[in-house]
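Please open the model in a viewer and keep the selection panel at hand.

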Amino acid sequence: MGQITLREVRKSFGATEVIPPLSLEIEDGEFVVFVGPSGCGKSTLLRMIAGLEDISGGQILIDGKDASALPPARRGLAMVFQSYALYPHMTVAKNIAFPLRMAGMPAEEQDRLVENAARVLNLTDYLDRRPGQLSGGQRQRVAIGRAIVRKPEAFLFDEPLSNLDAALRVNMRLEITELHAKLESTMIYVTHDQVEAMTMADKIVILHAGRIEQVGTPLDLYHNPRNLFVAGFIGSPKMNFISGAPAAAYGAHTIGVRPEHLDVSTEAGLWQGRVTVAEHLGSDTFLHVQTDHGQLNARLQGDIDVYHGDTVWLTPNEAIMHRFDADGLTMK
Ligand SMILES: Nc1ncnc2c1ncn2[C@@H]1O[C@H](COP(=O)(O)OP(=O)(O)O)[C@@H](O)[C@H]1O
Ligand SMILES: [Mg+2]
């Protein structure tokens with residue numbers, strides 16, 4: 001089991017409150033991603049769950065039992081960090097077995113668990129190597145292996161892919177998603193990258209200044225953001241926001257239109273503008289358009305014949321337009 005409940009947990013460092021009272025339910029087997037800008041409290045919250053950081057108030061329940069005061073080793077959770085923290089002089093096998101050796105497990109049992117973990121992570125052929133003889137992605141897998149052998153109630157990941165290059169990040173993202181499908185364990189994954197959150201999560205928790213802005217499935221958040229912050233954070237390129245007269249015409253303080261929901265014409269439309277940058281990716285074309293209502297970005301499928309300096313007209317798809325009131329809350 002790996003069910004985790006946060007009940008009004010909070011955290012202050014001295015006089016500074018970093019996490020105001022926060023409540024959250026994490027179901028057994030769920031892949032939950034904490035996402036938000038740098039400094040919003042993601043690592044602090046994860047470390048509170050792990051027991052690496054005291055909580056200033058509230059309760060943490062693991063499988064229904066109060067774990068708030070338990071030391072990290074007794075919470076049954078395993079943490080994987082951005083820095084792999086492997087022992088350079090030990091082989092991969094010894095690195096993975098490290099927590100088992102510390103716990104005094106018999107050698108044959110250690111070997112069996114290490115072999116299993118290595119199989120799951122495609123590390124079988126590398127067990128005799130040392131970390132220095134591995135790629136970044138392989139090192140990260142060793143760190144995950146060390147977590148797997150402990151059979152934790154839940155895995156906690158803190159930005160585990162940040163040190164990898166872009167291609168490897170995409171690979172490891174898939175591997176961790178597959179690992180979750182194989183193990184069916186609870187995973188809590190911290191990242192500032194909304195694409196990682198969208199592609200990996202069963203449930204996304206969006207944090208901003210220590211508060212939860214919204215909790216939901218990736219597509220929930222994409223289609224039904226509760227406020228301007230979530231609307232602007234989820235989706236790439238970012239949602240366009242327009243205030244003033246165009247928004248008033250739709251009875252809103254601000255309207256939001258995703259770049260993929262703007263129709264582009266070289267002949268007619270609602271908002272006229274000039275293309276300042278046209279990015280042709282082959283699969284998509286991204287247009288940056290200067291209009292009377294500010295710069296708007298449009299995303300078109302395929303290779304579109306529009307270039308820098310062209311005049312275009314943009315028309316929002318009204319059916320999937322987002323409307324926000326003066327407080328930045330989504331209007332019904
Ligand atoms: N040990 C600490 N002492 C004081 N402030 C801290 C400490 N750790 C984190 N903070 C502050 O708490 C806030 C959240 O930090 P953190 O959880 O690391 O954010 P994130 O992981 O989302 O980037 C930041 O403002 C940070 O400066
Ligand atoms: Mg962090």
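This is a predicted model: local features need pLDDT of at least 70, side-chain atom pairs count only at pLDDT 80 or more; totals for chains, interfaces and linings use all residues.

A residue is called buried when its relative accessible area is under 20%, exposed when it is over 50%, and partly exposed in between.

**Overview**

Begin with the whole protein, shown as a C-alpha trace. Along its principal axes the trace spans about 75 × 45 × 30 Å. A cartoon view displays 9 helices and 18 strands. Of the 332 residues, 48% count as buried.

**Stop 1: the network around Glu-53**

How many salt bridges does a search of the whole structure find? The search returns 5. For this stop, select Lys-11, Arg-47 and Glu-53, which salt bridges with shared partners join into one network.

Begin with Lys-11 and Glu-53, whose closest N and O atoms are 3.9 Å apart in their salt bridge. This pair links distant parts of the chain, 42 residues apart: Lys-11 belongs to strand β1 (residues 4-13), while Glu-53 sits in the loop between α1 (42-50) and β4 (57-62). Both Lys-11 and Glu-53 are buried.

Then turn to Arg-47, which also forms a salt bridge with Glu-53, here with the closest N and O atoms 3.3 Å apart. Is Arg-47 buried or partly exposed? Its relative accessibility is 28%, so Arg-47 counts as partly exposed. Glu-53, by contrast, has a relative accessibility of 19% and therefore counts as buried.

**Stop 2: helix α1 and its end**

Select helix α1 next. The helix is mostly covered, with 7 of its 9 residues buried. The buried residues are Lys-42, Thr-44, Leu-45, Leu-46, Met-48, Ile-49 and Ala-50.

**Stop 3**

Move to helix α4, residues 136-148. Its 13 residues reach 18 Å from the first C-alpha to the last, close to the 18 Å expected at 1.5 Å a residue. Why can α4 be described as largely enclosed by the rest of the structure? The reason is that 11 of its 13 residues are buried. Among them are Gly-137, Gln-140, Val-142, Ile-144 and Ile-148.

**Stop 4**

Glu-115 is found in helix α3 (residues 107-120). With a relative accessible area of 46%, Glu-115 is partly exposed.

**Stop 5: backbone features in loops**

- Select Lys-151, in the loop between α4 and β7 (154-158). Its phi is near 45°, a positive value in a residue other than glycine. Lys-151 is exposed, with a relative accessible area of 60%.
- Select Ala-209, in the loop between β9 (203-208) and β10 (211-216). Here too phi is positive in a residue other than glycine, with a value near 50°. The relative accessible area of Ala-209 is 53%, so this residue is exposed.
- Select Ser-236 and Pro-237, which are joined by a cis peptide bond with omega near -5°. Pro-237 is placed in the loop between α8 (228-233) and β11 (240-243).

**Stop 6**

Finish at Met-90, in the loop between β6 (77-80) and α2 (92-102). At 13% relative accessibility, Met-90 counts as buried. Met-90 and Gly-302 are 50 Å apart in space and 212 residues apart in sequence.

Key. Residues are numbered from 1 along each chain as its sequence is written. Chains are lettered from A and ligands numbered from 1 in the order in which they are written. Side-chain values use heavy atoms; hydrogens and water are left out. Helices (H or I, at least four residues) and strands (E, at least two) are DSSP runs, numbered from the N terminus. Buried means under 20% relative accessible area, exposed over 50%, partly exposed in between (1.4 Å probe, protein chains only). The expected span of a helix is 1.5 Å times one less than its number of residues. A salt bridge is a side-chain nitrogen of Lys or Arg within 4 Å of a carboxyl oxygen of Asp or Glu.
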